[in-house]
Structures are given as structure tokens and as C-alpha cells.
Amino acid sequence: MEGSSPRWDTLFRNALVFDGSGAPPRQQDVAVAAGRIAAIGPGLAAAEAREVIDAAGRWLMPGLLDIHTHFDLEVEIEPQLPEAVRHGTTTVVVANCSLGLAYGAQRRDGADPIVDCFARVENVPKHVLRKVADRVDWSDSADYLAHFDRLPLGPNVVPMIPHSMLRIEAMGFDNSISRDATEAELQRMEQLIDKGMREGYVGFSTDALPFHYLANRPNTHKTIPTQFAPYSELKRLTGVVRRWDRVWQATPPKDDKFAIFKNFLLTSARLHGRRLKVTAVAAIDVTTNGSIVRLGRLLSRILNSRLVGGLFRFQALSAPFKIWSDGVITPIAEEIPVLRRLNECDLEDRESRAKIMDDPAWVADFRRMWWHGKRGFGLARLKRWLRMDDNVLTRELVDMTIDRCPVPDWSGETMQAVFERLRTWQLSGQGARSEAEAQAFASFPRPTEDDCSFFLHLLRRFDTDLRWWTVTANRDPQLTKTLLSDPLLLPGFNDSGAHLTNMAFYDGNLRTLKFAQEDGIDQVARAVHRLTQEPAEFFGLDAGCIRIGAQADLVVIDPRALQAYDPDASVEYIYRDVFEHHQLVNRPAQVVAQVMIAGHLAWRDGAYTPMFGRERFGRVLRHRDHEAAAPAALAA
């Protein structure tokens, strides 16, 4: 009728629409009104919309889910989470690996758990963590959910109950890292998980990776609280999660294969009467140990078999596992005891690291570590030859590339190339590329006989000024692609929001779509399903689909830009004011054309919209059944 207001706020026209179900896409229009999808079909009337976006030649799909993030911290100081949203991510799952903020700062009896637990496990500087802890004004899991209503969220946020913080809440910090829980404390933990499930938390997270250590003295030699829990505690606590049909997110005790199998058998309906949904880190092809991914896939088949009756999903990473290190400050160093000692020092404490590296006993330990399995004969040498090494770091200079350091000539070169030039210079006085390189070469012990001495000298001389990278897993693109399409795995081990200077996999979902694009549009439809509706169903979320009445979380992708996208070329090492610290990011140009969250455009043609970060776009997402399930669970 003439003069009437438009029925729709936004109309996307002429898009190739993937609805999230895995069905082949169709050329359609999608109309949005009051934050929800109002109409779907061809030829919708443009006059009925306040704004029309021409999406011809582009893909329209549900907003993408990032199921393994550590945005718990960043969302408190920059709630719009811009590095997620620019990649088409509209929903993030937080409180993974037993770490989160459900119970507030928990600063009691001199403890500072947020700083202590997150700093080394997730490689976030302590001053950033203190800033987060200072802002916390809740101490209860319900109040934590409620506080998100006061934040100008970018994406939707999906919290879990974190086991380390749960132990601290029930036992106190010191007790949580020194002994088993008493019966009263176990009952308290069960009550708190039950309360969280009633409030709508989608699951419970634990961690068993043996190199996740605390950061504050005097506990730097101890692992985080979750790792002090025996199997009996895990069984009781996951039993609560099982009753609510929620998710247990876990990491395996990687050095104990029996414990891995025993723990993950908790998924079994045959053994426990009802299945437990489990998702675990991680299905990646580790460079030094190819057996890990093979055993992981075999374990998935066993746990999901009719015989066991489980619902188990390892998480797969869509990228080469490329890790940057600042000197020896890197996640992979925590796995190796002699390097872990250096990581126990605060990031800024160069003096303490130098003192350790000057200790002859430490140097002897370092050399033993470096040559273990590389020389002589024995089991370690055989395991290395069979690609079954125990550690992730290859200890091969050819695998270690210098990103930046005080010698400009070395940027972009492998350490092996620099080492070989050094040896030539020490023998002949020739071969240095510049005066700066010659001066650096003159600082090395003469002769520098082996690569061990070379690497050790680099650490001593440059400390964190030496920034280098290595690819520790997923070097084979075809195998990575196979893992991403395996129905018993979930794409999404991105670790977004963690390891600020060490890794950047914010584009993990886009990489999955790029792999799928190589095999045609039907494979893209399946990949969209695996990034949207499939994880939404697994976690019990009202998200991940395009249907009338659904919340309008949408992303528009330019397939030509996606095809041309070079992930390595998009990585940037930048200073972010919000952190007062550098961060590694990746920012693909033009791949993501528009991102809509709850009917509001957040990202458009290479820029955030004016209201993004000022108004609330996303919301905290609870389990979709929590209101109906609570009375039934209480009655039971």
C-alpha cells in the first residue's frame, strides 16, 4: 500500500544460498526483519525492504561457529571480538580446556587464578590477564551469564563450566593443586555443575595435556587444577553432564594411551547406560609423530561404533600448525623440561632466563635434549626414524624459519641457511652478507661445531628479540583435507583468542571452505553444514541454519576472492591498543563481504559498521533445551 513502511529491514538478493543443512544451494533472496529471517525465496520484492544488498555471484550462508576458542578474556576488554567477526564467525564457544570465568576472579587467600591458569597455558601476557581480572564483578555462574547482557557483544558467546575454576571454587586454590577432593567437595562440584546446566551452560570442559603449567610463583612447576583430578572425579562430574545431555570438552593425557582410552570410554552408552557427548583436542598430523593422527582416527571409529555406543568427536585444524616463537617463549617449549624452565620466567624477565642459560648444568641438559634420538642407537633413534618421536619440536634447523631479529639479513631465512653461512665465515672469513651479519657471526663461539651450539647461542644473544616459526603439524594439505571431511571429526580446533603472539587461526572456517571449493559446490554445501548446523546440533544451540524464524546470523562470501585467498600472505604481527601488546592476526581481504548478527550488519565490504562495538549485536547462547529440561531434571 502506498506510503506504508517496508516489511523487512534488509533484503539479500540473488545470492547462492546455503541453508546449513548440507543440501545443494539455491539461487534465492533472503529477507530479514526484527533480527530474524522473515522470508526466503526467489524474486522477493525489493520495495518491501529498507535496505537491499545485491549478493549476485556470492554465497550466503548461516553465520559460522568457532567451537574451540579462548575468547573468555578478550570479550571482557573488547566485546565485539573483531578478529572473529571479520572472518564470518557469529558464534564462539568459550571456557575450553578447563579455563574460564564462570566463577569470577576467584581472588581469595592471595591467589590470582585467572593470571595463574591462563598465562602459560594460553600464552597471554600477565598484564592483559590482570586487566581482565580487575574488571570482573561477579562470582556466580548465573551472574556470569547475565553480565553479557551489559556488553556490546559482537558475536554470540557460548560458555561452558570450566573444571579448573570449578575445583578452585569448591576446594580453594592451594587445595585444588595439591590433593584429591573430599566427598563433600565432590558433592559441591556436582551441585555447581548441575546448577550451571540448569542455567543453560552447554557443557563442561577439562584438560589433561601434561604441559599446561601455572604461571605464578611458587607454583610454576605445577600443572593447572583440572590435572589433579583422578578418574573417579571425572566420572562423577561427567555423570552430571550426561544426565543433562550436554557436552564434555576434553584434552587427552597424551603420554598415557591407556588413560586416554579409559577416559574417553566415558562416552559409552553400553557401559554407562546413556551416551555422553564428547569433543576432544585434536586430530592433527603431527610432523614428528604420524602415529598420533592414525591412532586418533581409529579411536574415533571405536568409540562411535555400535559396540561402544558413544558420541565422540575429535576436533580438526584446517591449517598447517604454524607456531611463532619469541626466543623460547612458545607453547611447544612447555613440553620439553629443559625449555620449560625458561618459560617459567615472566615474559619480561630476560635476566632470569640468561642466568639459567649460563648455568653449565642447564647447558648439559639442553645438549642432551637436543641430541636425544638424533645420534647413536637405541629406542629413541628408532622412534625418530619411524616418525614416532615423543616431542612436537623437530629440533631440525631446516624446519625453523627466522621471522625477525636484530640482524635484518636473517628475516625469512631458515636457521639452517644462516648456520651454514656462519660455518663458511668461520672457516674463510668470507660469505657474510652485510656488516650487521658479520658482527653477529663474530659473537658466536669459534668454532661453532654443531646446530645445537648455534641455536643455544641465538637464544642467549637475542632472547625474545629472535622471532621464528615452525610448522609442527598438518604439512600435508591432502591429509588435512581428509580430516576436515571425516564425519567422525569436527572442524574447528582454532584456539582463537589464545597464544596472542604464537598463532593465528581465526580464518580456520574460511580455510575449510577453501578446501571444499576445490571439489565443487556440493562439497561446499557439506562444508557449510559442518561449520554451522552440525556443531550447533552437537552443542545444542539454536544457530547455524537459514530458515524462517531463525535469528538472522548470516555471512556473505565472495567465492572468487576465496579461491584467490593466500592464507600465509594475510598474517600480520600488529600492536593492538586494547591489549597494550602485539598480536598475531590474519586478515583476508575481500573474502567476507558482509556479516550480519541478529539482523544487524557488523561487517560490510572490508570495514566494520558504525554501530559495531557500540551496541549489542550478539548475545549469550544457552542450551536450547535448558528451560524445558530443568523441571524434568529436578523431578528426576
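**Before you start**

You are looking at a predicted model, where local features need pLDDT of at least 70 and side-chain atom pairs count only at pLDDT 80 or more, while totals for chains, interfaces and linings use all residues. Residues are numbered from 1 along each chain as its sequence is written, and side-chain values use heavy atoms, with hydrogens and water left out.

**The whole chain**

Show the protein chain as a cartoon. Its secondary structure comes to 25 helices and 23 strands; these are DSSP runs numbered from the N terminus, with helices being H or I of at least four residues and strands being E of at least two. Along its principal axes, the C-alpha trace spans about 90 × 60 × 50 Å. The radius of gyration is 25 Å, which agrees with the value near 26 Å that a compact globule of 636 residues would have. That quantity is taken over C-alpha atoms, and the globule rule is 2.2 Å times the number of residues to the power 0.38.

Of the 636 residues, 61% count as buried. Here buried means under 20% relative accessible area, exposed means over 50%, and partly exposed lies in between (1.4 Å probe, protein chains only). Now think about contacts, meaning heavy atoms within 4.5 Å. Among contacts between residues at least 6 apart in sequence, 75% join residues at least 24 apart.

**First stop: an enclosed strand**

Select residues 322–326, strand β14. Five of the five residues of β14 are buried, so the strand is largely enclosed by the rest of the structure. Turn the view and check both faces: Lys 322, Trp 324 and Asp 326 are buried on one side, and Ile 323 and Ser 325 are buried on the other.

The strands β14 and β16 run antiparallel and are joined by five bridges; two strands pair if DSSP finds at least two bridges between them. Zoom in on Ser 325 and you will find it opposite Trp 468 of β16.

Stay with β16 and follow the chain into the loop between β16 and α20, where Asn 474 is found. Asn 474 has a phi near 60°, a positive value in a residue other than glycine. Most residues other than glycine have a negative phi, and most peptide bonds are trans. Is Asn 474 buried or exposed? Asn 474 counts as buried, because its relative accessible area is 2%.

**Second stop: a six-stranded sheet**

Find the open sheet with the order β9-β10-β11-β12-β13-β17, whose pairing is parallel. Its edge strands are β9 (161–162) and β17 (489–491), each of which pairs on one side only.

Select residues 247–250 (β11) and 277–283 (β12): four bridges join these parallel strands. Gln 249 has Thr 279 in β12 as its bridge partner. Strand β12 also holds Ala 282, and the peptide bond from Val 281 to Ala 282 is cis, with omega near -5°.

Select residues 592–597 (β21) and 600–604 (β22), which pair in the antiparallel sense over four bridges.

Select residues 521–531, helix α22. Its buried residues include Gln 523, Val 524, Ala 527 and Leu 531. What covers the buried residues of α22 includes β5 (59–62), α20 (477–485), β17 and α23 (533–539).

**Last stop: two loops**

Where is Pro 447? Look in the loop between α18 (435–442) and α19 (451–462). Arg 446 and Pro 447 are joined by a cis peptide bond, with omega about 0°.

Finally, select Ser 98, in the loop between β7 (89–93) and α3 (113–121). Its phi is near 75°, a positive value in a residue other than glycine. Ser 98 counts as buried because its relative accessibility is 0%.
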